[in-house]
Amino acid sequence: MTPPTSSAASLAPATRPRAALVTLGCARNEVDSEELAARLDAGGFELVDDPAAASAVLVNTCGFVTTAKKDSVDTLLAAADLKGASGPQAVVAVGCLAQRYGSELADALPEADAVLGFDDYPDIASRLRSVLAGTPHVSHTPSDRRALLPITPLARLAAPVAVPGHRAAPPDLPPGLAPASGPPTVRRRLDSGPLAPLKLASGCDRRCTFCAIPSFRGSFVSRPPAEVLADARWLAAQGVRELFCVSENSTSYGKDLGDLRLLEALLPELAAVDGITRVRVSYLQPAEIRPGLIDAIATTPGVAAYFDLSFQHASAPVLRRMRRFGDAERFLDLLASVRALAPDAGIRSNVIVGFPGETEADVSVLTDFLAAAELDVVGVFGYSDEEGTAAAKLPGKLDEEEVAARVDGVSRLVDDLVDQRAAARHGEVVSVLVERRDGSWVEGRAAHQGPDVDGIVRLRDVSSDVEVGDLVPAVVCSHSGADLVADAVVAGARGAA
């Protein structure tokens with residue numbers, strides 16, 4: 001990577017331009033924003049929280065589905081409305097939407113002063129200075145990013161391609177932005193909470209017909225274990241207590257490093273990092289999950305028995321049109337193997353309804369599966385065409401009203417099933433990571449609850465010396481949807497398992 005153009009320490013605070021980062025989308029984007037923040041800080045920018053107080057606002061966009069793209073555009077427009085004598089001078093689009101559309105987005109959204117892609121990240125400070133100086137930026141032409149890396153996974157790590165969250169740090173990175181020993185990542189925390197995402201890999205080699213992510217995120221590239229562990233140790237030193245391992249497909253971790261079972265070996269090492277009390281893995285591909293990985297997640301001390309399984313559907317014909325594998329019977333067998341090792345494991349998934357060619361019989365297969373699966377949380381999404389995907393060309397499209405009706409029907413069923421699953425946890429002892437406290441009001445998450453999407457636990461009768469970052473054992477006593485209420489069973493249980 002190219003070293004930062006200047007050191008933050010060499011610039012007087014009064015001369016430093018201010019930058020604000022607005023992050024949209026998934027936890028992977030949060031990691032990318034923290035890389036951008038570190039590079040901006042190292043390059044002489046002061047990071048501020050308020051976009052109105054910034055010289056430049058960077059919006060880290062999401063480009064996955066229509067609603068996310070609209071939210072990204074709306075956020076860019078809202079930031080542009082702040083421009084003026086006392087507001088930001090420039091608004092810049094980065095992230096997945098920017099990478100996916102490049103010059104097309106720049107032409108369609110003149111309110112954005114620049115659209116920067118992943119290749120701009122290593123030199124983000126100099127790019128942003130040029131934008132602030134009024135130098136026009138020529139955005140990249142959209143292309144399939146998979147073509148930049150070798151087809152053979154084992155040859156990818158050495159390829160000179162910018163992959164957000166990967167590669168070596170500049171040698172003159174200022175202290176406090178990453179480990180002092182010469183860290184393999186560039187990162188500056190933007191959140192002081194006890195949980196942080198930890199990137200395992202980027203990109204995806206699967207060819208699901210509905211998904212455009214591989215085309216703009218690129219082929220699958222694992223981070224070497226030493227790099228992941230160094231990042232984990234640094235995060236622990238910053239006060240992080242739970243590591244949320246993220247990627248586009250965590251079950252593929254290590255395949256490009258010559259060891260498809262590398263995640264099973266890495267998880268105990270992550271859990272053993274001093275200061276870390278819980279490790280959680282997200283996004284497991286059912287077709288690639290293996291008994292050893294199930295065992296590692298379900299039984300390793302310090303690793304949450306949490307299975308984020310991307311089923312997408314349960315009808316075999318629909319799954320084949322999606323270029324995915326499995327069926328309701330195989331998925332139920334997989335769930336049974338998980339619960340044989342960890343009866344109280346947290347299991348969540350997402351499903352797509354209204355896919356081209358989906359029949360009412362297919363929907364019945366899906367709903368029967370969901371009723372039998374007893375999942376903690378299910379995200380229900382209606383199918384819509386994404387340009388550049390194979391599904392956009394499939395026959396058998398359903399009209400929007402029918403898709404909406406199916407989403408509504410499956411969502412109402414899911415609401416009932418999630419409520420039943422939460423009710424079944426009454427009386428269960430859970431370990432709650434405290435994330436917020438306001439007087440007697442304490443909120444956190446149990447091991448079966450991932451961040452943002454799986455509900456929370458509100459604790460009652462908590463000792464006054466319990467702090468954010470503590471693990472508190474508690475007994476579930478009531479619920480509302482996926483959210484639980486629990487009574488603490490050990491007062492002041494800092495560090496409890």
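What percentage of the contacts in the protein chain with a separation of 6 or more is accounted for by residues 24 or more positions apart? In this predicted model, such residues account for 74% of those contacts.

The protein chain contains 13 helices and 18 strands. Its radius of gyration is 23 Å, close to the 23 Å that the globule rule gives for 497 residues, so the chain is as compact as a globular protein of that length. The C-alpha trace spans about 60 × 60 × 45 Å along its principal axes. Of the 497 residues, 56% count as buried. The accessible surface comes to about 19,800 Å², and carbon and sulfur atoms contribute 54% of this area. With regard to charge, the chain carries 48 positive and 67 negative side chains, and the centres of these two sets lie 4 Å apart.

Arg 217 is found in helix α6, which comprises residues 213–217. Its relative accessibility is 7%, and because buried means under 20%, Arg 217 counts as buried. Two polar contacts of its side chain were identified: one with the side chain of Asn 29, at 3.1 Å, and another with the side chain of Asp 32, at 2.8 Å.

Methods
Residues numbered from 1 in each chain as written. Predicted model: local features only at pLDDT ≥ 70, side-chain atom pairs only at ≥ 80, totals over all residues. Heavy atoms only, no water. Helix = DSSP H or I, 4+ residues; strand = E, 2+ residues; numbered from the N terminus. Rg over C-alpha atoms; globule rule 2.2 N^0.38 Å. Buried < 20%, exposed > 50% of the residue type's maximum accessible area, 1.4 Å probe, protein only. Contact = heavy atoms within 4.5 Å. Areas by Shrake-Rupley, 256 points an atom, 1.4 Å probe, with all protein chains shown as cover. Lys, Arg positive; Asp, Glu negative; His and termini not counted. Charge placed at Lys NZ, Arg CZ, Asp CG, Glu CD. Polar contact = N/O pair within 3.5 Å; in protein donor to acceptor, adjacent residues only side chain to side chain.
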